[in-house]
Amino acid sequence: MIRNTRSAYGIVAIALHWTIATLIIGMLGFGLYMVTLPIFEPATYSLYQLHKSIGFVVLALVSLRILWKITGITPDLPAEMPVWEKLAAHLGHISLYALMLLMPLTGWLLVSSSPLGLPTVFFNLFQIPHLPTPEFLGQKADVSAFFTAVHGWAAYAFIAVILAHVGAALKHYFISKDKVLQRILSSKA
């Protein structure tokens with residue numbers, strides 16, 4: 001089944017979900033590791049270029065996922081699920097989508113506003129242009145510091161939301177014993 005139905009996710013949504021999830025979890029760990037490295041080492045520069053390249057892949061896949069989501073349907077939550085839990089599920093998904101966009105965009109903005117002016121080279125293939133930094137935001141160094149802080153704090157928020165998401169999925173499988181988790185594991189749920 002390619003497209004979603006009211007009872008299950010299709011193979012495209014499942015593939016996007018797990019590909020993006022794997023990339024994001026990897027990028028969060030990678031980012032936490034990178035900030036411990038000496039910033040002006042050549043090896044560190046290469047790691048940052050890889051991080052930025054993967055970030056653009058995530059941004060493209062998330063954009064595709066959002067387009068797929070708004071042009072299709074989403075499986076219904078179980079009818080017996082309490083209203084507060086349905087609201088929490090919707091807020092959790094909104095948080096995940098917001099962070100999936102916020103992380104790569106703030107990364108792009110912090111690099112674009114950096115006074116160092118280092119290029120972003122996508123997997124050593126081509127250069128990605130910097131975003132313009134509006135003058136009303138202040139000096140480039142201040143703007144870059146702001147987006148660096150937002151990017152860092154959003155990473156910790158993302159980790160918390162992912163843990164809550166995984167916890168909720170496991171709760172549905174082990175406690176509620178419904179098919180919520182199975183729907184994103186197989187299109188045959």
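Lys and Arg count as positive and Asp and Glu as negative, while His and the chain ends are not counted. On that basis the protein chain carries 12 positive and 7 negative side chains, and the centres of the two sets lie 12 Å apart. The model is predicted. Its chain has 189 residues, of which 36% count as buried, and the structure holds 2 salt bridges.

**Overall architecture**

- The protein chain contains 5 helices and 2 strands.
- Read from the N terminus, the order of these elements is α-α-α-β-β-α-α.
- Along the principal axes, the C-alpha atoms fill a box of roughly 55 × 30 × 30 Å.
- Among contacts with a separation of 6 or more, 71% come from residues 24 or more positions apart.

**Surface**

- The protein chain exposes about 11,300 Å², and carbon and sulfur atoms supply 74% of that area.
- A nonpolar patch on the surface is formed by Ile39, Phe40, Tyr45, Leu116 and Leu118, which together have about 530 Å² of accessible area.
- Ile39, one of the patch residues, sits in the loop between α1 (11-34) and α2 (42-70).
- With a relative accessible area of 48%, Ile39 is partly exposed; patch membership requires over 30%.

**Salt bridge Arg6–Asp76**

- The side chains of Arg6 and Asp76 meet in a salt bridge, with an N to O distance of 3.4 Å.
- Arg6 belongs to the segment before α1 and Asp76 to the loop between α2 and α3 (83-113), so this pair ties together parts that are 70 residues apart in sequence.
- Arg6 is partly exposed at a relative accessible area of 48%.
- Asp76 is also partly exposed, its relative accessible area being 43%.

**Salt bridge Lys171–Glu85**

- A salt bridge joins the side chains of Lys171 and Glu85, at 2.8 Å from N to O.
- This pair links distant parts of the chain, since Lys171 is in helix α4 (residues 140-176) and Glu85 is in helix α3, 86 residues apart.
- Lys171 is partly exposed, with a relative accessible area of 27%.
- Glu85 counts as buried because its relative accessibility is 10%, and buried means under 20%.

Note on methods
Residues numbered from 1 in each chain as written. Predicted model: local features only at pLDDT ≥ 70, side-chain atom pairs only at ≥ 80, totals over all residues. Heavy atoms only, no water. Patch = residues over 30% accessible without salt bridge, like charges linked within 9 Å, V, L, I, M, F, W, Y side chains within 5 Å. Areas by Shrake-Rupley, 256 points an atom, 1.4 Å probe, with all protein chains shown as cover. Salt bridge = Lys/Arg side-chain N within 4 Å of Asp/Glu carboxyl O. Helix = DSSP H or I, 4+ residues; strand = E, 2+ residues; numbered from the N terminus. Buried < 20%, exposed > 50% of the residue type's maximum accessible area, 1.4 Å probe, protein only. Contact = heavy atoms within 4.5 Å. Charge placed at Lys NZ, Arg CZ, Asp CG, Glu CD.
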